[in-house]
Amino acid sequence: MTADTLTDVFEEHRPVLMGVAYRMLGRVADAEDVVQDAWLRWSGGDRGEVREPRGYLVRVTTRLAIDRLRQIQARGETYVGPWLPEPYLTDFGSTAPDAAERAELADSVSLAVLVVLESLSPLERAVFVLREAFGYPHAEIAAMLDRGEAAVRQLAGRARRHVDERRPRYEVDPAQRRDLTERFLAAAAEGDLEGLMSLLAPDVRLVSDGGGKVSAALRVVVSRVKVGRFAVGVARKRMTGLSFRFLEVNGGPAVLLLAGDEPVGVVQLDVADGLVRTVHIISNPEKLRSVTLR
């Protein structure tokens, strides 16, 4: 291949590789580093035995992501307060040819699913991502990971059960989520506690990730009353002078809060039965860099 052809082939598959790496790591910067390392191996390695570039690149990216995830886990870093993945701007484009597949892709990259995936081992996470998000057969996954097919089937089954047991079930209708998000923000900004609580499920949860960098709830806030009061209090103290715009984050509508041109938070709601079930607030400045750059 010529240098131009090498680049064209890699760029054709870059969205898939980024999708694999981000689902594996939940961190945009780490995912981008992994994809860059995959490019270096692609551009500088021996490709004489490569018959199918996409499969080869997914294999390299997955193995690099497993290594990176093991390094992260080995460091044993203590995170201040609840952890949420970095917000990831999603545009599935031609990778999701129909509504059903788009919904599956959105679910596989949702904040709720990525939080559950954090509790899987690196191998379980890799098998789950390749199987559930990208539809690879067990035999191909086994070849990618240098594992027996029977072992991969066991890993896949264990990971699937783990995710099914812990993943909340939410509706993915973007129009309903956006409507509830607009009403939620308006009620919070107006200090309308009663109106706000009417949008919330009785057991609603609010997860606020400031990472110890900015003020945020250090524990998950649970119950309609507590979440309502927290949201009104935060809006009263911090939303004055802020602007916001809607964007698609992790497969669903979200709100980007801005102080001038500077992102200061991302808010996303999970919805079921017409009520807000979870409020995700990401305000850790280090996790907003990827939003700033896109």
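Start by selecting Asp-164: this residue is partly exposed, at 33% relative accessible area (buried is under 20%, exposed over 50%, partly exposed in between, with a 1.4 Å probe and protein chains only). You're in a predicted model, where local features need pLDDT of at least 70, side-chain atom pairs count only at pLDDT 80 or more, and totals for chains, interfaces and linings use all residues. Residues are numbered from 1 along each chain as its sequence is written, and side-chain values use heavy atoms, with hydrogens and water left out.

Next, jump to Lys-287 and Asp-209, whose side chains meet in a salt bridge at 2.6 Å, N to O. Lys-287 sits in the loop between β6 (275-282) and α12, and Asp-209 in strand β1 (residues 200-209), 78 residues apart. Helices (H or I, at least four residues) and strands (E, at least two) are DSSP runs, numbered from the N terminus. Both Lys-287 and Asp-209 are buried.

Last stop, Arg-27. This residue is buried, with 17% relative accessible area, and bridges to Glu-118, closest N and O atoms 3.6 Å apart. Arg-27 is in the loop between α1 (3-25) and α2 and Glu-118 in the loop between α5 (111-117) and α6 (122-133), so the pair ties together parts 91 residues apart in sequence.

Note on methods. A salt bridge is a side-chain nitrogen of Lys or Arg within 4 Å of a carboxyl oxygen of Asp or Glu.
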